[in-house]
Amino acid sequence: ALIYIFEEKKNLKTITATSPDLILHTMYKVLFKGNNLKDELSFIYYYHNDDKNLVIHKISIIILFFCLFYSLINPLNYVLAIIFSIFYIILDVQTGLVWSGLFMLEFALIYIFEEKKNLKTITATSPDLILHTMYKVLFKGNNLKDELSFIYYYHNDDKNLVIHKISIIILFFCLFYSLINPLNYVLAIIFSIFYIILDVQTGLVWSGLFMLEFALIYIFEEYLNQQHYITYIIISAICFSFQLVGHRVFEKKFPAFRLFEAFVTTPFFLVMHTLFQFGYKPELYDEIKNDYMKWKGTERSLY
């Protein structure tokens, strides 16, 4: 993907099998029918042009992917989904994003079918190596509930929460708008999959927010012909400043200054907190509110 970014690759439909790009050249010569993507698609359409056959294939391909991901062990199924998503985005951005959304929905269904344990019960001694490492290295405490209660200790004032919820949406928008395709899509997919792993509903909400932000990016690109990086930096700095003010003025303490928490788990918590306010997982919310004061004394200063 980075190679494609740095080479400012041509539109794939214009790249033929005589392309000097060795990877594309090999792909078209070995894997594709004809000389370009249009030829490959027209070849496929020749065998899939009947409406009833198309319906059968569209339904069955979703089921086949679900069975594939469900049968593979973690994290191989996630890696495979990411590879498919990136490849499809390289071929066509919109089609790739639709497939990414479908993959996310399928992983949500997988969790439903597995009747996965509530993550608040998974401790740092979990036999799952990835979760074990994640909790031991990245999370505060022994489980997701501890991590969320730690974040809630620094984000429990209503005014500070409003500031953070608004600013985090703006910050993600600036981040995705400033990155070059397809790096922004890849980053959004990684965030979405990770959030779905933590909590399906919260991850799906974030996935929807990311899709809305990319829709806005397309609208903005219709009117702006160049990237305004200085503007993004200024807007991001303003958002971070408001967040810092929210902590000092309303929370009466500095942020926790944990990078992983600030950039990954706090955005996750902010959306989950919004879901809490609509009655989502009330038992977990009550436990977080009952436990958060145990983190008193973890505050840091700027000096």
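Helix axes are taken here as lines fitted to C-alpha atoms over the stretch in contact, with angles between N-to-C directions running from 0 to 180 degrees. In the predicted model, the axes of helix 9 (residues 158-178) and helix 13 (residues 259-277) cross at roughly 130° and come within 10 Å. Angles over 145 degrees count as roughly antiparallel and those of 65 to 115 as roughly perpendicular, the rest above that range being oblique; helix 9 and helix 13 are therefore oblique to each other. The crossing in which helix 9 passes helix 13 is left-handed.

The contact between these two helices involves residues from both partners. Helix 9 contributes L161, H164, K165, I168 and F172, which meet P267, F269, L270, H273, T274 and Q277 of helix 13. By residue class, the contact of helix 9 with helix 13 comprises six nonpolar, four polar and one charged residue.

This helix pair belongs to a protein with 14 helices and zero strands. The order of elements along the sequence accordingly reads α-α-α-α-α-α-α-α-α-α-α-α-α-α. Among contacts in the protein with a separation of 6 or more, 70% are accounted for by residues 24 or more positions apart.

Technical notes. Residues numbered from 1 in each chain as written. Predicted model: local features only at pLDDT ≥ 70, side-chain atom pairs only at ≥ 80, totals over all residues. Heavy atoms only, no water. Helix = DSSP H or I, 4+ residues; strand = E, 2+ residues; numbered from the N terminus. Parallel < 35°, antiparallel > 145°, perpendicular 65-115°, else oblique. Left-handed = near helix turned anticlockwise from the far one by under 90°. Contact = heavy atoms within 4.5 Å. Nonpolar A, V, L, I, M, F, W, Y, C, P; charged D, E, K, R; others polar.
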